[in-house]
Protein chains: 2
Amino acid sequence: MALRGTQQHSIIADYLRTLIRSKKLSPGDFLPSEAELCEQFSSSRGPVRQAVAALRSEGLISSGRGRRSVVLGRFTSESFDSIYSVTHWLRERGFEPGASTLWLGRCPASEQEAEFLRVDTGSPVIFVHRVRSANGMPIAIERMFFPLDVGSQILNFDADNESIHDHLRKQGVDFDSVNRELSLAYASEEDARSLNIDPGTPLWRLHLDISDHSGHPVECTEILYLGDRMTLGMTNVRGTTSPLEVKLSEG
Amino acid sequence: MALRGTQQHSIIADYLRTLIRSKKLSPGDFLPSEAELCEQFSSSRGPVRQAVAALRSEGLISSGRGRRSVVLGRFTSESFDSIYSVTHWLRERGFEPGASTLWLGRCPASEQEAEFLRVDTGSPVIFVHRVRSANGMPIAIERMFFPLDVGSQILNFDADNESIHDHLRKQGVDFDSVNRELSLAYASEEDARSLNIDPGTPLWRLHLDISDHSGHPVECTEILYLGDRMTLGMTNVRGTTSPLEVKLSEG
DNA sequence: CAGTGGTCTAGACCACTCA
DNA sequence: GAGTGGTCTAGACCACTGC
């Protein structure tokens, strides 16, 4: 947990997270009152409440009118970078990320990619097809599509040994929002060979649509994960809304 | 989208959500400036910023220093009730929920339930085993465990035709926070029969640990969903944290 | 009834974006 | 340089909890 800034609200939030993660506060314990935090940090209530709101939206505490805030658990949240970058995701969890590139170059956009990337179907986009591994074991197939202006910056890139997203961010590409869809899929013949599994094995299919801060598309990606080793955890507290929706298709 | 209160911040947030959902604002469009919203609602900046923060954490907008906030999409968020109640979840999505109870009564707690419910392994808890359906088609197996003080209130309950959670909430049970874990499972012989599928069919396993606002356990549940009809959608914006973690087990 | 968090006001300064 | 959102202050009143 890095100190993310020198703003008072994030200092206070980090202090509270540390109280919880270091076990100085356990589930069921009370947080310091807002008045105490104001005094401790010589702050007004604004920053204190901003900090407490952050913890609440992370599922760490529950609070309400008239009662002290209560610690719920020691849950961790994902960083924004780990949402769209398999490399960051693996590193943050202590795995050594690996990539083996099967394809990197132009290809005509299919209908699905074209729609999100706002280009014509069949017009050229940059396509990257890789097998991703954790500690040397294959765990996922990655198919990434970039619009030409973004993707042309990786045409001469060593996609086996560096993070594409780190490189693009250094080039000024702004990854600001990600829309994810998780569903169930079955391994095709081709992907089964890449992952060294049987065709038809169930997989997690994760589809990512990534935009910059103006809402312009910068990437459209599909990742197929081996399902047996993956778990998705969430904690939600009444009164907060998480940007999540479980959908059910017509049957 | 119901008006959730008469507080200014939620009135303003609902106004903004309506602008987006009614297509008066489209992805890429600018939100009104905070100053304009202050004037329009005769409000100070506090409530306006609280409203805007809510939309940001729902993934609807992106904002940043020096620039107008931008609409990202028309994503919907799940209500808190729909997280822990299959009945609410189905109703909100326009399906007719159904339940067929296979078992309702006491049973000795296994190690897993005992740990979360904070009772001894083997001591009695209330167990409900149901097949859930949407529009008459089976879609999930539900196994719910309640501590005695909570669960004893449903021993004479018609679990086929009423929502257990609605009933318990009327009895004063406080469902305040939910920790969820989603993973991949394969249908057992027994569950396959209940769902009218082949044994070994891949399913989503959703495990719920539910607590009241003090952090005391009120329910521990496992739901196995037919995977082919389920999708999970999320939108995240840089700078906000969602209470979510994608975990990878050693392997 | 004292203490708590939820809501709101009316200012202020700053960092940043964009025309 | 005007406008914007991010941060902060110093108050205030209220609804509610728990003693």
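Residues are numbered from 1 along each chain as its sequence is written, with chains lettered from A and ligands numbered from 1 in the order in which they are written. As the model is a prediction, local features need pLDDT of at least 70 and side-chain atom pairs count only at pLDDT 80 or more, while totals for chains, interfaces and linings use all residues; side-chain values use heavy atoms, leaving out hydrogens and water.

Strands here are DSSP runs of E with at least two residues, helices are runs of H or I with at least four, and both are numbered from the N terminus. Two strands count as paired if DSSP finds at least two bridges between them. On that basis, β5 (residues 137-146) of chain B pairs with β8(B) through six bridges, in the antiparallel sense.

As for burial (under 20% relative accessible area, with a 1.4 Å probe and protein chains only), nine of the ten residues of β8(B) (residues 217-226) qualify, so the strand is largely enclosed by the rest of the structure.

Zooming out, the open sheet has eight strands, paired antiparallel in the order β3(B)-β4(B)-β5(B)-β8(B)-β7(B)-β6(B)-β9(A)-β10(B). At its edges stand β3 (97-108) and β10 (244-248) of chain B, each with a single partner strand, so one side of each lacks a neighbour in the sheet. From one strand to the next, the twist averages 20 degrees, with axes being lines fitted to C-alpha atoms and angles running from 0 to 180 degrees between N-to-C directions.

On to the second largest pocket, with a volume of about 700 Å³. A pocket is an open set of points on a 1 Å grid, where a 1.4 Å probe fits, with protein on both sides within 12 Å along at least five of seven lines; lining residues have an atom within 4 Å of a point. The volume is the space filled by probe spheres set on the points. Of the 33 lining residues, F116(A), N179(A), E181(A), D209(A) and F75(B) are the closest to the centre. The largest share of the lining, six residues, comes from β6(A).

Terms used: Buried < 20%, exposed > 50% of the residue type's maximum accessible area, 1.4 Å probe, protein only.
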